[in-house]
Amino acid sequence: MDGFTTEIVDNHAKFDPRGSSTYRQNGRPLSITYGTGSMTVSQTEAPFMQNMQADGIFGLAYPSLSLSSATPVFDNMMNGGLINQNLFSVYLSSNNQRGSAVTFGGVDTNHYSGSITWIPLSNELYCQITVDSVSGNGQAVACNDGCQAIVDTGTSMIVGPQSDIDNINAWLGASSQNGEYIVNCSNIGQMPDATFNINGNQFTLPASAYVYQVQYSSCITGFGATGGNMWTLSDVFLKQYYSIYKRGRNMLGRAKAR
């Protein structure tokens, strides 16, 4: 990739402007705040990122979310006519080490089965949608009156308002310990499906998708609380459903991942 080197700093490759034909110095300071950290210059990184396997964060949200008024990479792709369609697709493998893929300008039929369900976005900031409710065994257990959710590949757990997350985990029989919700690993096979009802469609997560084994006999649920009212449909959800982000129509596509 233009301008990137194999030199490793803090375990990661870094951008070298001397190797870029498009880099221009403009003298403006750079400061970006993440949900769990920040950076103040382009050659440093937040402490939470130092042990990540990935080299950094690749932003694919709307330009209105840009803190520095920069044009996001995907918008440059669209504006430059570099892709066949104004969309990108994400496949998250259930194997944490390999197999995940992002496809720019199209979809990869090898990564999903069945038909694609299209959901309108409710806000052009994040990839934000309206969830009608979260249910189990035919009964609403959270988000009873509808709620807003963003779709985010950079978050591990499904997170939501404290009261809703408490309701879900109580329904699952989980006990709260130090901010985590503990379940007996031997019960996973008997735990119910959790269903997200979105735009008249049902997206179901089995217990095998929303429970993590953290030790030999210790398991936690993938439902965690956040300080606000917004939900985040994270890797727990995205590993089950192939996602298509149609920027040209402001729609989100969902299909069963395989």
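Author: Start with strands. Helices (H or I, at least four residues) and strands (E, at least two) are DSSP runs, numbered from the N terminus. Two strands pair if DSSP finds at least two bridges between them. Here β10 (residues 133-136) and β16 run antiparallel, joined by three bridges. This is a predicted model: local features need pLDDT of at least 70, side-chain atom pairs count only at pLDDT 80 or more, and totals for chains, interfaces and linings use all residues. Residues are numbered from 1 along each chain as its sequence is written, and side-chain values use heavy atoms, with hydrogens and water left out.

Reader: Which residue in β16 does S133 stand opposite?

Author: N197.

Reader: How many bridges join β16 to strand β17 (residues 201-205)?

Author: Five, and the two strands run antiparallel. T195 has T204 in β17 as its bridge partner. Two residues lie between the strands of this hairpin, and N199 takes a positive phi near 55°.

Reader: Is strand β16 enclosed or open to the outside?

Author: Check burial. Buried means under 20% relative accessible area, exposed over 50%, partly exposed in between (1.4 Å probe, protein chains only). In β16 (residues 194-198), five of the five residues are buried, so the strand is largely enclosed by the rest of the structure.

Reader: Which way do the residues of β16 point?

Author: A194, F196 and I198 point one way. T195 and N197 point the other way. All are buried.
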